[in-house]
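Here is a friendly note to read alongside the structure. Please keep the view open as you go through the points.

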Amino acid sequence: MKKLGVIGGMGPAATAIFYEMLIEKTPAEKDQQHIPMVILNDCLMPDRTAAILGTDEDRETIFARLLSDALYLKQGGCDALAVPCNTSHFFADRLEKESGIKLLNMPRLTAQAALKKCGKGAKVAVLATDGTRTDGYGVMVQPNAFASWRIGTDGLTLLLHVRAGTQPV
């Protein structure tokens, strides 16, 4: 049976939500019918946005860590990877190529689902970090697929409060 490897911990709550959703969406009547997986909670992963907006060396540090995690999961018998962190998908194509393990590309899969559900030409809102936007979410999904606008730093702060379940000051 195939096994899914999850590079998580970016943030830990996103990983927990991903796991919960996977359980809820799996048509299983007993434990043995769920998807076998290994979740690597790498919460010490450096900030992806800072690296993407930083130097080549910063980006290589993140990539090396993601690659190490992917190879660890591959060595543990995982046949495919999931990374419940949009910003990390900046490295997705290279990670899949250099690790030799199939990556379930969250932005591309989301775009395919949106296209199927909403139809061509539909407007879809995407909340993204500056790191995700730098590469162009559309570039990760399909060139020229999206037009975007920026909320700004205050909007990001608000988004972080929403993610944390707190009220902004």
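1. Among contacts in the protein chain between residues at least 6 apart in sequence, 63% join residues at least 24 apart. Please keep in mind that this is a predicted model. Of the 169 residues in the protein chain, 32% count as buried.

2. Now for the overall layout. The protein chain has 8 helices and 4 strands. If you follow the sequence, the elements come in the pattern β-α-β-α-α-β-α-β-α-α-α-α.

3. How are the strands arranged? The 4 strands form an open sheet with parallel pairing, in the order E2-E1-E3-E4. E2 and E4 stand at the edges with a single partner strand each, so one side of each is left without a neighbour in the sheet. From one strand to the next, the twist averages 25°.

4. Next, look at how E1 meets strand E2, residues 37-41. The two strands run parallel and are joined by 5 bridges. Within this pairing, isoleucine 7 stands opposite leucine 40 of E2, and glycine 5 has valine 38 of E2 as its bridge partner.

5. E1 also pairs with strand E3, residues 80-82, in the parallel sense, over 3 bridges. Here leucine 4 stands opposite alanine 80 of E3. E3 in turn is joined to E4 by 3 bridges, and these two strands run parallel. Across that pairing, alanine 82 stands opposite leucine 104 of E4. Helix H3 packs on the sheet, where it touches E1, E2 and E3, and its direction makes about 150° with that of E1.

6. Which residues do the contact work between helices H3 and H4? First the geometry: the axes of H3 (residues 56-75) and H4 (residues 92-99) come within 10 Å and cross at roughly 45°. The two helices are therefore oblique to each other, and H3 passes H4 in a right-handed crossing. On the H3 side, the contact is made by Glu60, Phe63, Leu66, Leu67, Ala70, Leu71 and Lys74. On the H4 side, the contact is made by Arg94, Leu95, Glu98 and Ser99.

7. Please look closely at the peptide bond between methionine 10 and glycine 11. This bond is cis, with omega about -5°. As background, most peptide bonds are trans. Glycine 11 lies in the loop between E1 and H1.

8. Is threonine 15 buried or exposed? This residue is found in helix H1. With 5% relative accessibility, threonine 15 counts as buried, because the cut-off for buried is under 20%. Leaving aside neighbours within four places in sequence, threonine 15 is in contact with Gly8, Gly9, Met10, Ile39, Asn41 and Pro84.

9. Lysine 102 has its place in strand E4, residues 102-104. At 48% relative accessibility, lysine 102 counts as partly exposed. Not counting residues up to four places away in sequence, lysine 102 touches Asp79, Ala80, Leu81 and Glu96. Lysine 102 and leucine 81 are 21 residues apart in sequence, with 6.1 Å between them in space, C-alpha to C-alpha.

How values were computed. Residues are numbered from 1 along each chain as its sequence is written. This is a predicted model: local features need pLDDT of at least 70, side-chain atom pairs count only at pLDDT 80 or more; totals for chains, interfaces and linings use all residues. Side-chain values use heavy atoms; hydrogens and water are left out. Two strands pair if DSSP finds at least two bridges between them. Axes are lines fitted to C-alpha atoms, for helices over the stretch in contact, and angles run from 0 to 180 degrees between N-to-C directions. Angles under 35 degrees count as roughly parallel, over 145 as roughly antiparallel, 65 to 115 as roughly perpendicular and the rest as oblique. A crossing is left-handed if the near helix is turned anticlockwise from the far one by less than a right angle, and right-handed if clockwise. Contact means heavy atoms within 4.5 Å. Buried means under 20% relative accessible area, exposed over 50%, partly exposed in between (1.4 Å probe, protein chains only).
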